[in-house]
Amino acid sequence: MHNVFAFILHNQDIRINVIAMATKRKTAQLKSVKPSGKREDNFFELVYEVARQIPKGRVTSYGAIAACLGAKSSARMVGWAMNGAHNIKPRVPAHRVVNRNGMLSGKHHFTPPDNMEKLLRQEGIRVKNDQVVEFDTLFWDPGTELGF
DNA sequence: CGCCTGACGAAAC
DNA sequence: GGTTTCGCCAGGC
């Protein structure tokens with residue numbers, strides 16, 4: 001199907017999570033890449049790969065990404081990952097990741113800050129007071145949507 | 001080393 | 001139901 005996951009595996013927890021994902025979702029392929037040796041690289045790669053699955057015109061939350069990776073309490077790390085998501089290839093649509101209330105909490109990390117909102121608007125998403133309008137219906141949950 | 005700061009979020013007040 | 005606390009963990013100092 002649409003998403004093939006190529007992950008760098010090193011940290012055991014992450015490995016377990018990835019295997020769990022691949023098992024749940026039969027179409028997902030688990031492909032080992034040379035280990036970088038650093039946990040955050042692996043986790044960040046996972047985060048980036050999930051974020052890339054967010055459809056245009058939809059949004060998700062930091063926590064939702066963390067949860068689907070089995071790291072429910074590591075939402076902050078997802079935010080941290082997004083901090084380094086600029087200039088990553090393939091492109092990571094970091095503007096589609098907001099906090100659990102649909103607020104553009106990461107806007108100050110865009111240049112200029114209004115760019116996050118601008119990018120969302122270009123995809124037909126309405127933003128009011130740094131808040132995604134109709135967040136509930138636009139919310140894309142990687143856990144259920146990807147079947148992880 | 002320790003201490004602090006977060007694009008977070010849930011639980012506890 | 002708003003505010004504070006706390007778990008989380010990478011990086012900066």
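This is a predicted model: local features need pLDDT of at least 70, side-chain atom pairs count only at pLDDT 80 or more; totals for chains, interfaces and linings use all residues.
A backbone N or O atom of arginine 100 lies 2.8 Å from a phosphate oxygen of DNA strand B. Of the atoms of DNA strand B that come within 4 Å of the protein, sugar and phosphate account for 46%.

**Contacts with DNA strand B**

- Histidine 109 also approaches a phosphate oxygen of DNA strand B, in this case through a polar side-chain atom at 2.9 Å.
- Serine 105 places a backbone N or O atom 3.4 Å from a sugar or linking oxygen of DNA strand B.
- The surface near DNA strand B is made up, by class, of nine polar, six nonpolar and two charged residues.
- Two helices, α3 (62-68) and α4 (75-83), each supply at least two residues of this surface.
- Helix α4 gives the largest share of the surface near DNA strand B, with six residues.

- Within α4, the residues Val78, Ala81 and Met82 are buried.
- These three residues cover an arc of only 100° around the axis, and therefore lie on the same side of α4.
- Arg76 and Trp80 are exposed, and they are found on the other side of α4.

- Aspartate 130 is situated in the loop that runs between β5 (127-128) and β6 (131-132).
- Its relative accessibility is 30%, so aspartate 130 counts as partly exposed.
- The side chains of aspartate 130 and lysine 107 are joined by a polar contact of 3.1 Å.
- When residues up to four places away in sequence are not counted, aspartate 130 touches Gly102, Met103, Leu104, Lys107 and Glu117.
- Aspartate 130 is 25 residues from serine 105 in sequence, while the C-alpha to C-alpha distance between the two is 7.9 Å.
- Serine 105 is the residue whose backbone N or O atom lies 3.4 Å from a sugar or linking oxygen of DNA strand B.

- Two aromatic pairs are found when the whole structure is searched.
- In the pair of phenylalanine 44 and tyrosine 48, the ring centres are 6.2 Å apart and the planes stand at 65°, so the arrangement is edge-to-face.
- Phenylalanine 44 and tyrosine 48 are about one helical turn apart, because four residues separate their positions in helix α2 (residues 39-51).
- Phenylalanine 44 has a relative accessibility of 14% and therefore counts as buried.
- Tyrosine 48 is likewise buried, with a relative accessible area of 3%.

**Threonine 60 in strand β3**

- Threonine 60 has its place in strand β3 (residues 60-61).
- With a relative accessibility of 0%, threonine 60 counts as buried.
- Apart from neighbours within four places in sequence, threonine 60 is in contact with Ile54, Ile65, Arg96, Val97, Val98, Phe139, Trp140, Asp141 and Pro142.

Note on methods: Residues are numbered from 1 along each chain as its sequence is written. Chains are lettered from A and ligands numbered from 1 in the order in which they are written. Side-chain values use heavy atoms; hydrogens and water are left out. A residue is near a molecule or strand if one of its heavy atoms lies within 4 Å of it. A polar contact is a pair of N or O atoms within 3.5 Å; within protein, one must be able to donate a hydrogen and the other to accept it, and residues adjacent in sequence count only if both atoms are side-chain atoms. Ala, Val, Leu, Ile, Met, Phe, Trp, Tyr, Cys and Pro count as nonpolar, Asp, Glu, Lys and Arg as charged, and the others, Gly among them, as polar. Rings of Phe, Tyr and Trp (its six-membered ring) pair if their centres lie within 6.5 Å; planes under 30 degrees apart count as stacked, over 60 as edge-to-face and the rest as tilted. Buried means under 20% relative accessible area, exposed over 50%, partly exposed in between (1.4 Å probe, protein chains only). Contact means heavy atoms within 4.5 Å. The arc is that of the directions from the helix axis to the C-beta atoms.
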